[in-house]
Amino acid sequence: MRIGRKHLMLDTSWQEFSNCLGVDPDLFFPERGASTREAKEVCRGCVVKDDCLEFALANGEKFGIWGGMSERERRRIRRQRALDRQAAALTASAESA
Ligand code: SF4
């Protein structure tokens with residue numbers, strides 16, 4: 001996915017190796033309710049899939065397919081990571097008490 005300047009995480013060197021170079025960007029921003037299958041198929045074999053996903057998570061990308069995941073799938077990851085951080089913080093404070 002090509003990235004504009006508004007993003008916070010600046011290392012975008014991974015983009016050079018993306019599977020979606022030259023692919024119509026609209027494919028990765030399907031209309032609400034439209035299939036994401038084709039975009040995810042492009043992402044499936046992408047060697048920078050993890051970088052792309054982490055970029056989207058770090059920059060709070062709300063739209064489109066990034067790292068082979070939809071908005072909903074990324075929200076789930078963000079929620080799970082937040083819960084993991086809370087649990088780790090509670091464990092750390094319980095151990096130091
Ligand atoms: S994971 Fe998908 S959207 Fe991200 S760089 Fe690769 S092909 Fe493009």
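Buried residues make up 28% of the 97 residues in this protein. The model is a predicted one. Its secondary structure consists of three helices and zero strands. The radius of gyration is 16 Å, well over the 13 Å that the globule rule gives for 97 residues, so the protein is more spread out than a compact globule.

**Fold and dimensions**
- Read along the sequence, the pattern is α-α-α.
- The C-alpha trace spans about 55 × 30 × 25 Å along its principal axes.
- Take the contacts between residues at least 6 apart in sequence: 46% of these join residues at least 24 apart.

**Nonpolar cores**
- The largest nonpolar core has seven residues in all.
- Two tryptophans, Trp14 and Trp66, belong to this core.
- Cys46, Val48, Cys52, Phe55 and Ala56 make up the rest of it.
- A second core is separate and has five residues.
- Among the members of that second core are Cys20, Ala39, Cys43 and Ile65.

**Surface and charge**
- The protein exposes about 7,100 Å².
- The protein carries 17 positive and 15 negative charges.
- The mean positions of the positive and the negative charges lie 6 Å apart.

Technical notes. Residues are numbered from 1 along each chain as its sequence is written. This is a predicted model: local features need pLDDT of at least 70, side-chain atom pairs count only at pLDDT 80 or more; totals for chains, interfaces and linings use all residues. Side-chain values use heavy atoms; hydrogens and water are left out. Helices (H or I, at least four residues) and strands (E, at least two) are DSSP runs, numbered from the N terminus. The radius of gyration is taken over C-alpha atoms; the globule rule is 2.2 Å times the number of residues to the power 0.38. Buried means under 20% relative accessible area, exposed over 50%, partly exposed in between (1.4 Å probe, protein chains only). Contact means heavy atoms within 4.5 Å. Accessible areas come from the Shrake-Rupley method with a 1.4 Å probe; for residues, only the protein chains shown count as cover. Lys and Arg count as positive and Asp and Glu as negative; His and the chain ends are not counted. The place of a charge is taken as NZ of Lys, CZ of Arg, CG of Asp or CD of Glu. A nonpolar core is a set of buried Ala, Val, Leu, Ile, Met, Phe, Trp, Tyr and Cys residues joined through side-chain atoms within 4.5 Å.
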